Amino acid sequence: MKDTENILALLKQEVSPALGCTEPAAVALAGAYASSVLKDTIISADLIVSPNVLKNGMGVGIPNTNLMGLEIAFALGILVAEPEKGLEVLLDLKAETINAGKQMLAEKRINTKMKETEEKIWIEASLKTAKSESKAILRWRHNWLYHWEKDKHILQHNEIGAEEAPLLISPSAFSLKDYYDFCRDTDIDKLELIDLGLILNRRIADFGLTNKSGINVGKMIMEQINSGLLGDDIHHYAMALTAAATDARMSGCNLPVISNSGSGNQGLAITLPIIAVAEKLGSNQEELIRALAMGHLVSVHIKQKIGILSCICGCLSASAGAASGIVMLLKGTYPQIEYAIKNMIADTAGMVCDGAKEGCSLKVATTTSAAVQAALLAKTGICVSSNDGIITDSIEGTIDNLAYFVNKGMQDADSTILNIMLNKIK
């Protein structure tokens, strides 16, 4: 019972709604916190962010604006000044707010700097008016308020060591088998109380399939399915739905999604392949919900070892979750879920993250394809050999090897990629 309640709490903790790319949304949230305690016109606004936040926020569209990047998100968060909205702070923006945000940028009241730190998430918003000043810092998590002050008076300070991080429940307390038993046996009424993305994520996929969004990967795949150039099967259908949703989200679509571990793209890459396969198989609602829960939990389990932001694409952990959920829909066994995860890691471990952007839909399509393949191979008993690369007989050992590769072997990759992004010739 205790494990059941704790895993439910973990799901609620890591699976939540978000609007737009998470890094710009978090920057807007920090701005909203800082602005909410000020009354007069903001004369200057300084934004200091960690390298990972800068990398992931440079090239994504901001909902409703036809603009991209952290600075416009910061300006809009300041103007909205409603931190109680959390990562949906930019929902339902008014035209006058958008115009005022553009004016702030034009008047050069927004200043952005990168903080030299190894911390993955640091977002510091410092605002000044003619009479007052404020500061808000988000740290460790995209929505975790670490420090908040007005005129040097501390309003809130939550000092938690980086080792513990601000987790209500740590994924390290559980094994993948614990998650499988939970998803298979927990009362379905309890799972139905958690929004796992069935409605919101399917809705944004429909938007991407019917509207030109981003670089149009998902819509193009669906058009090729309809024309007969690609087969109308679970493989291509899953790619179309997942890529279409990512196209829409990365181009600034004004629709919220259910995120995982602070990432909307990861939420999409977990849920939509599972939803697509369930639709093609004719799975019932309970089967789909249990598979979605498994997908989310597997991704959280892997993500907590490799880091909430890292130099490898988060679609790897997300699509490993998707493959696990697909195996459940195929009525596979727990060992076959382990096979699927190993197959995914063997296939996609080297995919780097070069920032959030419209082109992410290409990577999402690739890893979705790999997820379906990994699941189908696993269901027939096929698993990559423990003699191959970083794969071992133990599933936890394999994930640990992935984490070691990311955190030790690729420690210079983030700074190298960011340096290229900041200095490339247009």
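Okay, before anything else, one term: when I say polar contact, I mean a pair of N or O atoms within 3.5 Å, where one must be able to donate a hydrogen and the other to accept it. Keep in mind that this is a predicted model.

You'll find Ser-263 in the loop between strand E10 and helix H11. A polar atom of the Ser-263 side chain sits 3.1 Å from the backbone nitrogen of Gln-266. Is Ser-263 buried or exposed? Buried: its relative accessibility is 15%, and the cut-off for buried is under 20%.

Carry on into H11 and you reach Ile-270. Ile-270 counts as buried because its relative accessibility is 0%. Which residues does Ile-270 touch, if we skip those up to four places away in sequence? They are Asn-260, Gly-295, His-296, Ser-299, Ala-318 and Ala-322.

Now, helix H8, residues 200–210. Its buried residues are Leu-200, Asn-201, Arg-202, Ile-204, Ala-205, Gly-208 and Leu-209. What covers them? The cover includes helix H9 (217–227), helix H10, strand E10 (256–260) and helix H11 (264–281).

Let's take the H8 and H9 pair on its own. The two axes are 7 Å apart, and the packing angle is about 70°. So H8 is roughly perpendicular to H9. On the H8 side the contact uses Gly-208, Leu-209 and Thr-210, and on the H9 side Gly-218, Lys-219 and Met-222. Sort those residues by class and you get two nonpolar, three polar and one charged.

Staying with H9, its buried residues are Val-217, Gly-218, Lys-219, Ile-221, Met-222 and Ile-225. Those buried residues pack against H8, H10 and H15. And just after H9 comes Gly-228, with a positive phi of about 95°.

That brings us to H10 and H15. H10 covers residues 234–250 and H15 covers residues 360–379. Their axes are 8 Å apart and they pack at an angle of about 150°. That makes H10 roughly antiparallel to H15, since the cut-off for roughly antiparallel is over 145 degrees. The crossing is right-handed. So who meets whom here? From H10 we have Ile-234, His-235, Ala-238, Met-239, Thr-242, Ala-243, Thr-246, Asp-247 and Met-250. Facing them from H15 are Cys-360, Ser-361, Val-364, Ala-365, Thr-368, Ser-369, Val-372 and Leu-376. By class, the H10 contact with H15 comes to 10 nonpolar, six polar and one charged residues.

Last stop, Asn-343, which is in helix H14, residues 334–348. Why does Asn-343 count as buried? Because its relative accessibility is 10%, and buried means under 20%. A polar atom of the Asn-343 side chain lies 3.4 Å from the backbone oxygen of Ala-374. Leave out neighbours within four places in sequence, and Asn-343 is in contact with Ala-374, Leu-377, Ala-378, Ile-382, Cys-383 and Val-384.

That's my tour, thanks.

Terms used. Residues are numbered from 1 along each chain as its sequence is written. This is a predicted model: local features need pLDDT of at least 70, side-chain atom pairs count only at pLDDT 80 or more; totals for chains, interfaces and linings use all residues. Side-chain values use heavy atoms; hydrogens and water are left out. Helices (H or I, at least four residues) and strands (E, at least two) are DSSP runs, numbered from the N terminus. Buried means under 20% relative accessible area, exposed over 50%, partly exposed in between (1.4 Å probe, protein chains only). Contact means heavy atoms within 4.5 Å. Axes are lines fitted to C-alpha atoms, for helices over the stretch in contact, and angles run from 0 to 180 degrees between N-to-C directions. Angles under 35 degrees count as roughly parallel, over 145 as roughly antiparallel, 65 to 115 as roughly perpendicular and the rest as oblique. A crossing is left-handed if the near helix is turned anticlockwise from the far one by less than a right angle, and right-handed if clockwise. Ala, Val, Leu, Ile, Met, Phe, Trp, Tyr, Cys and Pro count as nonpolar, Asp, Glu, Lys and Arg as charged, and the others, Gly among them, as polar.
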